[in-house]
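I opened a notebook page for this model and wrote down what I looked up, in order.

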Amino acid sequence: MNNNFPGFIDLSLHLSTICTTINRTILHNKQISMSLSLQKLNNRKVAVIGSGISGLISSWLLRDQAEVSLFEAEARCGGHSNTARVEDTYGELSIDTGFMVFNRPNYPLLSKFFEELGVETYPTDMSFSVCLDGGKLEYAGNSLNSLFAQRKNIIRPSFLGMLRDILKFNASVKKLMRDPKLGNVSLQQFLDDNSLGSQFKTNYLYPMAGAIWSCPPKKIADFPALSFVKFFNNHGLVNIFNRPEWYTVKNGSKSYVERVTKDLGSSVNRSCRVSGVRRGVDKIEICFEDKRNLFFDEVIFACHTDEILKILQNPSKEEVSLLQSVPYQSNKAFLHRDEKVMPESKKVWSSWNYSARKTSLENSEVSVTYWMNSLQQLNTSNNYFVSLNPIKMPKDSLIESEYQYHHPVFNSQSNSLQDKLKKVQGKEKIWFCGAWTGYGFHEDGIRSGVAVARALGLKNKWEKEFEESSSLHKIETSKIGAAA
Ligand SMILES: Cc1cc2nc3c(=O)[nH]c(=O)nc-3n(C[C@H](O)[C@H](O)[C@H](O)COP(=O)(O)OP(=O)(O)OC[C@H]3O[C@@H](n4cnc5c(N)ncnc54)[C@H](O)[C@@H]3O)c2cc1C
């Protein structure tokens with residue numbers, strides 16, 4: 001049979017012409033839609049509320065793709081990155097009073113960010129001491145001499161029992177992390193179930209964790225066991241050797257804040273407190289304390305959960321549930337020169353010094369003193385300290401400055417945080433970031449800001465570091481049950 005009769009040939013010709021035309025049209029439409037989406041991205045007005053690490057990074061990453069406006073309530077940017085300038089007899093000193101230290105394995109994004117900005121960092125000392133009941137018990141982990149600074153502890157059964165439990169806990173952490181029960185319980189429950197003694201809890205683990213999270217022992221006891229143990233393991237806190245090297249920023253964290261805000265230029269609006277955020281039909285209205293209002297296409301919250309709940313109007317049930325699952329608690333900080341707040345024995349003086357009145361869970365506040373000369377290698381022979389909720393108040397004449405900080409407090413509800421966040425993230429153009437979305441540290445702040453920027457179209461930037469950072473925090477939700 002001859003298929004080449006004219007009608008067929010005509011039809012194929014027609015079909016091929018139609019196909020070419022369709023293909024051209026698709027290509028053309030694709031080009032139009034690509035240029036439209038690029039245009040859309042370029043014209044998109046994005047508001048960022050809060051200039052801590054999470055607000056700074058999201059603004060900085062999106063600055064070339066959108067019209068970004070960063071609003072900061074305070075006269076200075078940086079949030080918890082807060083460096084004080086002190087006139088010392090040896091010259092001006094830059095002393096950090098908030099964010100101070102990071103390490104490379106657990107801060108992959110922050111390390112990359114500092115590298116890209118050319119921010120200089122140097123190794124720091126992360127020694128830790130405990131001083132309880134006004135010096136009744138004092139020890140530090142730096143050496144055998146500081147561990148047994150009080151010689152009577154060499155034969156004190158309770159102290160030796162604590163050391164035995166530390167070794168037991170450290171040795172079994174990897175196995176404990178695979179325990180399916182871990183996902184459901186608080187830290188206290190978990191420690192009781194594993195027969196770890198009360199001295200281990202109140203004289204070692206809660207002080208150390210309290211100092212790390214700036215959180216009172218009672219709240220540390222409520223911490224979700226799984227994420228706690230994972231954090232301790234990741235940070236090498238269960239290793240006697242092979243702990244990560246910690247770093248601090250040269251001239252204080254202001255060095256990176258100044259660099260980023262310089263790049264952001266006129267997008268930064270200081271002393272500009274947002275008082276209300278309201279979703280409209282296709283724009284979001286932002287109101288300011290001075291009664292002005294502005295409209296945006298996207299809004300990124302980079303402030304604390306309690307503040308978001310205050311200013312976000314008509315939040316959804318899911319948003320309220322997310323924001324209420326990480327409350328904040330207030331801590332007073334003093335930058336001062338009063339050595340009386342430090343442990344009595346100079347042998348145990350460390351970079352981080354925890355103190356408590358009672359060796360129990362009753363303390364409602366955490367008290368930590370950072371010895372800044374040790375942490376930042378200050379170029380002076382005068383001692384400087386940053387004390388959070390000091391038990392002994394530093395003498396007025398020795399106080400340089402005071403600060404009110406707020407820290408996120410994690411509990412068993414925080415286990416389901418990531419799932420809750422996924423449900424609301426980007427809904428009606430409202431985004432959430434902040435250290436509270438992770439463990440509460442700088443890497444969590446930067447990761448959350450990068451995640452929002454990626455969701456808003458950022459591509460091919462720090463892919464490897466983002467993966468690494470996410471896996472460090474990822475909690476296996478399959479292990480999380482009823483507690484959430
Ligand atoms: C004393 C101290 C020491 C710390 N040390 C370390 C450390 O060594 N390493 C580490 O990794 N982490 C440390 N942290 C944890 C630290 O909190 C986080 O690392 C991180 O800096 C928090 O960033 P963020 O962006 O979530 O919030 P923040 O830095 O708190 O920023 C929130 C910003 O939002 C602004 N804001 C609030 N409400 C409004 C509003 N209505 N309108 C406009 N702006 C608003 C605030 O003024 C603030 O600037 C420390 C914290 C403290 C307090």
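I count two strands as paired if DSSP finds at least two bridges between them. Helices (H or I, at least four residues) and strands (E, at least two) are DSSP runs, numbered from the N terminus. I note that the model is predicted: local features need pLDDT of at least 70 and side-chain atom pairs count only at pLDDT 80 or more, while totals for chains, interfaces and linings use all residues. Residues are numbered from 1 along each chain as its sequence is written.

Val101 has Thr248 of β9 as its bridge partner. The open sheet has 3 strands in the order β5-β9-β6, with antiparallel pairing. β5 and β6 (121–123) are the edge strands, each pairing on one side only. From one strand to the next the twist averages 40 degrees; axes are lines fitted to C-alpha atoms, for helices over the stretch in contact, and angles run from 0 to 180 degrees between N-to-C directions.

I list a residue as near a molecule or strand if its C-beta atom, placed from the backbone, lies within 6 Å of it. There are 34 residues around the ligand, and Gly50, Gly52, Gly79, His80 and Phe441 come nearest. Elements that each supply at least two shell residues include β5 (101–103), α11 (305–311) and β19 (399–408). α2 gives the largest share, 3 residues. Which domains does the shell lie between? Domain 2 (44–80 + 257–326 + 415–483) and domain 3 (121–248 + 329–408) both give residues to the shell, so it lies between them. The domain bounds come from an automatic or database domain assignment.

I call a residue buried if 20 or more other C-beta atoms lie within 10 Å of its own, exposed if 12 or fewer, and partly exposed in between, with C-beta atoms placed from the backbone. In α9 (residues 225–234), 8 of the 10 residues are buried, so the helix is largely enclosed by the rest of the structure. Among the buried residues are Phe228, Lys230 and Phe232. The buried residues of α9 pack against α5 (157–177) and α6 (187–193). Just after α9, Gly236 takes a positive phi of about 65 degrees.

I recorded 16 helices and 20 strands. Of the 484 residues, 44% count as buried.

Key:
Two residues are in contact if their C-beta atoms, placed from the backbone, lie within 7 Å.
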